[in-house]
Amino acid sequence: MQGKYLLCGLVSATLAAGMTSTALAAPAAATPATAATASVYNQPPKEILDVMRAPPPPSPSLSPTRDKLMLVTMQDYPSIAKVATPFLRLAGVRIEPGNHSQHDTPGGYGIPPCVSAIDLVQVADGKQTAIKLPADACPRRPVWSADGQRFVFENVTTDAVELWVGDAKTGAIRRLPGVRLNQMFGDQMQWMPDQKTLLVKLVPVQKAPPVAPPGSDGPGIQESLGETGQSSTYENRDTLRNRHDEELFNYYGTSQLALVDVASGKITPVGKPRLYEELSVAPDGRHAVVTEIRPPYSYVTTFDRFPKQIDLWDLNAKGGKPVVREIAALPLADRVPNRGVPVGPRNFTWRPTEAATLVWAEALDGGDPKVQAKERDKLMMLKAPFNTAPVEITRTEQRYAGLSWSEQPGVALLSDYDVNRKWRRTWQINIDDASNSRKLVWDMSVDEKYANPGSPVQRRLANGFPVIRVDGDTIFLSGVGSSPEGDRPFLDKFNLQTKQTERLFRSSKTAYEQFIGFAGNNTGRLLTWYQSSEETPNAFLRTLGAAANAEAGEPNYASSSVALTHLVDPMPQVREIKKRLVKYKRADGLELSFTLYTPPGYKEGTRLPTILNAYPLDYADASKAGQTTGSQATFTRLRQYRLLLLSGYAIIDSAAFPIVGDPRKAYDTYTEQLVANAQAAVDEAVRLGVTDPNRVGVTGHSHGALMTANLLAHSTLFRAGAATSGSYNKSLTPFGFQNERRSVWEAPEVYTKASTFFYADKLKTPLLIVHGGDDANPGTTPLQSTKLYEAIRGNGGVTRLVMLPHEPHWYAARESNEQLVYEMLRWFDKYVKNAPAAAATDASAK
């Protein structure tokens, strides 16, 4: 059994080295797909397993015509057999050679989940239709057509990524024959403006993939000729290593563009097979911006920094020559400054209300935020028939951060972002105004939560393009609604001329109710997604202006509501768990908060073993760092460490862990602020009478794992810790980490002080270290956990290393997640819950 288990790991490793699925056909069949193999994994107790395996609630997707609601239920955990499917590592993409599907999300955070159920709900009467999915299907999230008549979804099988189309009226679905999508670079499927046709990337007809005999790869050679320039920490993910990797990259990256008629299934090829990356079709349905990847490739960066040919195409062109005009030929961008952007055209967008007018941004400062510049970006515009030079339409003082078009021709919201201040400004601008006049609308820190105005409500035009919905001078804004009492989602009307706001709806204090969209064209009727800590999420139809009872001290946003769906609670036993929002202060007066969970049957005043979970966030402004987020009124779901509530633990969850200071040097006081944050949180939970100060553990993921290890090394607050997928030696990410922008050569003491690895001799508190064996996040390679374990072990510390095979940065498989909960429960039971009596703890440095 163990031999078969190890073989699977070798198969994945060999594929990663450049071999193909064809070459490994026989061994690959011996993956851990059997029940016997799964038995090597441990499981937590039954009461926890039952909750882990309960179906999750769906998420809503409103049709563009706002008359139908789609409820999409995602699979919580795929099997380890799926997660262990062999894949290739090709310049930042993990591709399964058997079907050309992406094995991992672009950020490296886990296998894209399958849809387990789709239900259609009529907004008018609540009538619900279940979509009958294919047996053993793995659909991706459906995509609506702009006319609301159809939806399409990809279905991943063992040998293809299929394309399916559904009828929104009947719920009937069918496969479009002959379509095999290539997911290598994304943009593999999109609706054309006629809403009857799809532009797709097909797997072309090719010979067998290239096979390299052992030893024929040749040396991997890189060279630097003295130019300065940093390679960002987050670029180097599964990069190419040799000539054979380049051949595989070309083979699996090549796509054939085609137009697919969804009614007849007719496939019309466009152009020739190439390495197409991004596709953006104009509202006229004829023209498109097509980005093609070109050699020479880099062994340092991922494909998004490779040389690019950006052309304007005519999709109706005959004779296989669709190129109308070159937009840019971009060179290899392997030295983009930290927090910078590549030079040349980027961020392409079509004007939704014109047939074919293209807008893009270009850097004026070389893309380097460290360069002193009066203006950093310019916006360029090019109109059909594309036979004149592009014209400059405006410039931004800081980095261009987006252009949101409204349904009024020419009127848009333009934003820029100051990376050094973490500051965002938004103007109303008329693109067609020759004087380039603009009116400032919002001017605030990106960390501002209480005064955050929300996001403009959009609608889709008949051509499928999203635009800001405008009613005269008024737009609608929907937001999270953070407040000192927690998040309370809202819907506002906002006058662009007077900047006056009128609140239409705000979630009550006892529930969490989000605006989904308007019901039909009536802005007086809202669709919301309602939930509370004890009520499962459901869709509600809310009518504004109807009588309603206002809460004490609250304005009466008059409305009435009726449930549109009636979903039931899949895990009622969890409702016995109670949670509350807790506010307190750090020793320096900074206001903080956390959510306190207590287990089923908890009696007030009983002191419990407690687990603290947090993720440090960086703030330039202390006044924003203390703003409360989250809500105690959300429907309680248990995953990972929260499942320990079922074993009698209290959880200090989402504890605020701000790292406050100038973004250019905030990490100078990183460990001191970590300890101050932890001390304040634990002290408050103890003061509330819930936490036993001698039985407290800590856990965190990724940057939170580094936090966990550092808290054990630099304080005596905790009896044990569990760190998952962390980065513990920052010298291995020498050009920056999180928001630290200095290199290790510019601030060596900062890197050393933040790295638990260099304090392993002082780390005597038991630490459980867990990591995914296939973590592709460059800052958290599995080597980080291996080396910390070796350092602690070598210095006589108490530690346990659990490597979860085949798992990326976030653990996907059911077996892996059950193992994780088993390990945490075992570790914290031994070293926290059942720990021997200890003297009162404090946060003094060891």
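Predicted model: local features only at pLDDT ≥ 70, side-chain atom pairs only at ≥ 80, totals over all residues.

1. One sheet to look at is an open one of four strands, ordered S16-S17-S18-S19 and paired in the antiparallel sense. Strand S16 (276–281) and strand S19 (323–330) stand at its edges, and each has a single partner strand, so one side of each is left without a neighbour in the sheet. On average, neighbouring strands of this sheet are turned by 15° against each other, direction ignored. Within the sheet, S16 is joined to strand S17 (residues 287–293) by four bridges in the antiparallel sense, and Val281 has Ala288 in S17 as its bridge partner.

2. Strand S47 (residues 767–772) has six of its six residues buried, so this strand is largely enclosed by the rest of the structure. Both of its faces are covered, with Leu767, Ile769 and His771 buried on one side and Leu768, Val770 and Gly772 buried on the other.

3. Which strands pair with S47? Strand S46 (residues 720–724) runs parallel to S47 and is joined to it by four bridges, with Ala723 standing opposite Ile769.

4. Turning to the rings, the structure holds 21 aromatic pairs. In one of them, Phe348 and Trp360 have ring centres 5.8 Å apart and planes at 45°, so the pair is tilted. This pair links distant parts of the chain, as Phe348 belongs to strand S20 (residues 346–350) and Trp360 to strand S21 (residues 357–363), 12 residues apart; both residues are buried. Phe476 and Phe518 form an edge-to-face pair, with 5.0 Å from centre to centre and 70° between the planes. Phe476 lies in strand S32 (residues 474–479) and Phe518 in strand S35 (residues 512–519), 42 residues apart, and both Phe476 and Phe518 are buried.

5. Ring pairs also link Phe185, Phe249, Tyr297, Phe303 and Phe306 into a cluster. Charged groups meet rings as well: the charged end of Arg421 sits over the ring of Trp423, 4.3 Å from its centre, while Arg438 lies over the face of Trp427 at 4.9 Å from the ring centre.

6. The count of salt bridges comes to 48. Lys46 and Asp50 form one of them, with their closest N and O atoms 2.7 Å apart, and both residues lie in helix H4 (residues 46–52), four residues apart, or about one turn of the helix. Lys46 counts as exposed at 58% relative accessibility, whereas Asp50 counts as partly exposed at 36%.

7. Arg637 and Asp76 also meet in a salt bridge, at 2.9 Å from N to O, and this pair links distant parts of the chain, 561 residues apart. Arg637 counts as partly exposed at 22% relative accessibility, and Asp76 counts as partly exposed at 22%. Finally, Arg89, Arg94, Asp104, Asp238 and Asp774 are linked in a network of salt bridges.

Technical notes: Residues numbered from 1 in each chain as written. Heavy atoms only, no water. Pairing = 2+ DSSP bridges. Helix = DSSP H or I, 4+ residues; strand = E, 2+ residues; numbered from the N terminus. Axes fitted to C-alpha atoms, helices over the stretch in contact; angles between N-to-C directions. Buried < 20%, exposed > 50% of the residue type's maximum accessible area, 1.4 Å probe, protein only. Phe/Tyr/Trp six-rings, centres within 6.5 Å; stacked < 30°, edge-to-face > 60°. Lys NZ or Arg CZ within 6 Å of the ring centre and 35° of its normal. Salt bridge = Lys/Arg side-chain N within 4 Å of Asp/Glu carboxyl O.
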